[in-house]
Amino acid sequence: MALNCFDMMVLVLLLVFYGNVEAQKNGLGASFIFGDSLVDAGNNNYLSTLSKANIPPNGIDFKASGGNPTGRYTNGRTIGDIVGEELGQPNYAVPFLSPNATGKAILSGVNYASGGGGILNATGRIFVNRIGMDVQIDYFSITRKEIDKLLGESKAKEYITKKSIFSITVGANDFLNNYLLPVLSIGARISQSPDSFIDDMISRFKAQLTRLYEMDGRKFVIGNVGPIGCIPYQKTINQLDENECVDLANKLALQYNARLKDLIAQLNDNLPGATFVLANVYDLVLELIKNYDKYGFRTASRACCGNGGQFAGIIPCGPTSSMCTDRYKHVFWDPYHPSEAANLILAKQLLDGDKRYISPVNLRQLRDL
């Protein structure tokens with residue numbers, strides 16, 4: 001029997017409805033995001049700090065805010081936003097310090113990340129205020145108790161262990177705004193070798209991840225430190241050519257990344273029921289920088305929004321900055337942070353990529369464990 005138009009419409013609506021129900025059933029419950037300005041979604045708006053992104057033209061391509069700045073350090077979505085969307089998270093993780101971070105809103109996830117924050121508590125003090133990893137985890141303990149109240153203890157535990165992903169992007173500031181920082185770090189560098197500094201980072205980070213495990217975190221994705229010697233800021237202040245990067249910064253990142261890989265293997269062996277996934281941000285971003293034209297970009301050295309020097313790499317993005325007209329042709333939005341176009345490519349590899357970039361499983365597989 002042929003279906004008339006009305007029957008067809010009802011059938012389509014039913015398919016859409018059941019598709020949505022199925023997506024919600026299989027989707028991510030909560031995304032808990034920790035780290036620095038690469039994934040800050042607005043926490044620094046609520047701090048008295050020199051590191052802020054709630055000024056235009058930041059967020060100019062962020063559809064959810066109608067192009068208004070939200071405190072994200074990019075022109076659109078962060079990697080955390082894109083990954084959450086793709087994994088079926090119903091809403092973006094709400095910044096912990098925002099007045100909206102209460103009640104059922106926190107069941108989609110909470111973002112604790114802070115521009116300038118690092119693994120070590122001394123990191124980022126040049127900005128006056130920022131939230132380091134220790135305090136971000138203190139804040140998660142508050143959220144954890146709230147989820148117990150919302151769902152009841154046993155359902156809350158199941159929600160956190162089975163339906164939630166803990167995403168951590170941190171470490172770059174410990175080098176850029178601590179160990180490598182002129183003036184503040186000269187003394188530290190004389191008294192502390194790179195090995196010893198990285199030892200401190202790894203032992204602190206191990207304690208922080210273990211704390212999250214003790215609060216029922218079981219699915220983790222940890223980003224390593226990207227090629228920080230190749231960002232427009234470093235290229236500009238060191239007066240490098242377009243295809244050059246700062247050796248020392250990249251060597252420190254690689255040295256830390258090797259230790260981080262060992263730490264993640266150790267945590268996977270020693271914390272029962274947990275899966276720690278390593279996101280190889282260093283190789284992913286370096287691939288984009290070296291072969292930018294292959295991905296449709298016009299430059300991987302010049303900031304789209306910024307001022308100063310050859311690559312607009314000294315003064316952060318703000319209302320008086322020069323801004324490129326073709327934002328989707330730039331790997332870097334500002335002197336430090338990728339554009340949304342770059343974030344989309346990076347997020348895709350983390351979601352569906354192979355073990356070169358994300359291991360032992362990719363993020364879709366992690367969600368479904």
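Me: What classes of residue make up the lining of the largest cavity?
Reply: The lining has 6 nonpolar, 1 polar and 1 charged residues. Ala, Val, Leu, Ile, Met, Phe, Trp, Tyr, Cys and Pro count as nonpolar, Asp, Glu, Lys and Arg as charged, and the others, Gly among them, as polar. The model is predicted: local features need pLDDT of at least 70, side-chain atom pairs count only at pLDDT 80 or more, and totals for chains, interfaces and linings use all residues. Residues are numbered from 1 along each chain as its sequence is written, and side-chain values use heavy atoms, with hydrogens and water left out.

Me: Why is this space called a cavity, and which residues line it?
Reply: On a 1 Å grid over the protein atoms alone, a cavity is a set of points where a 1.4 Å probe fits but cannot get out, and lining residues have an atom within 4 Å of a point. Those that line the largest cavity are L284, E287, L288, Y295, I345, L346, Q349 and Y357. Helix 10 and helix 11 (340–352) are the elements that give two or more residues to this lining. The volume, about 50 Å³, is the space filled by probe spheres set on the points, which are joined across faces, edges and corners. The structure holds 1 cavity of 30 Å³ or more.

Me: What makes residues 247–270 helix 9, and what length is expected?
Reply: Helices (H or I, at least four residues) and strands (E, at least two) are DSSP runs, numbered from the N terminus. Helix 9 has 24 residues.

Me: Why is strand 1 called largely enclosed?
Reply: 6 of the 6 residues of strand 1 (residues 30–35) are buried, so the rest of the structure largely encloses the strand. A30, F32 and F34 point one way, while S31, I33 and G35 point the other way. In a regular strand the side chains alternate between the two faces of the sheet.

Me: How do you know which strands pair with strand 1?
Reply: Two strands pair if DSSP finds at least two bridges between them. Strand 1 has 6 bridges to strand 4 (residues 164–169), running parallel, and 3 bridges to strand 3 (residues 109–111), also parallel. F34 stands opposite I168 in strand 4, and F32 stands opposite V110 in strand 3.

Me: What makes strand 2 and strand 9 edge strands?
Reply: The open sheet has 7 strands in the order 2-3-1-4-5-6-9, with mixed pairing. Strand 2 (94–95) and strand 9 (358–359) each pair on one side only.

Technical notes:
Expected span 1.5 Å × (residues − 1). 1 Å grid on protein atoms, 1.4 Å probe; cavity = no way out; pocket = protein on both sides within 12 Å on 5 of 7 lines; lining within 4 Å. Buried < 20%, exposed > 50% of the residue type's maximum accessible area, 1.4 Å probe, protein only.
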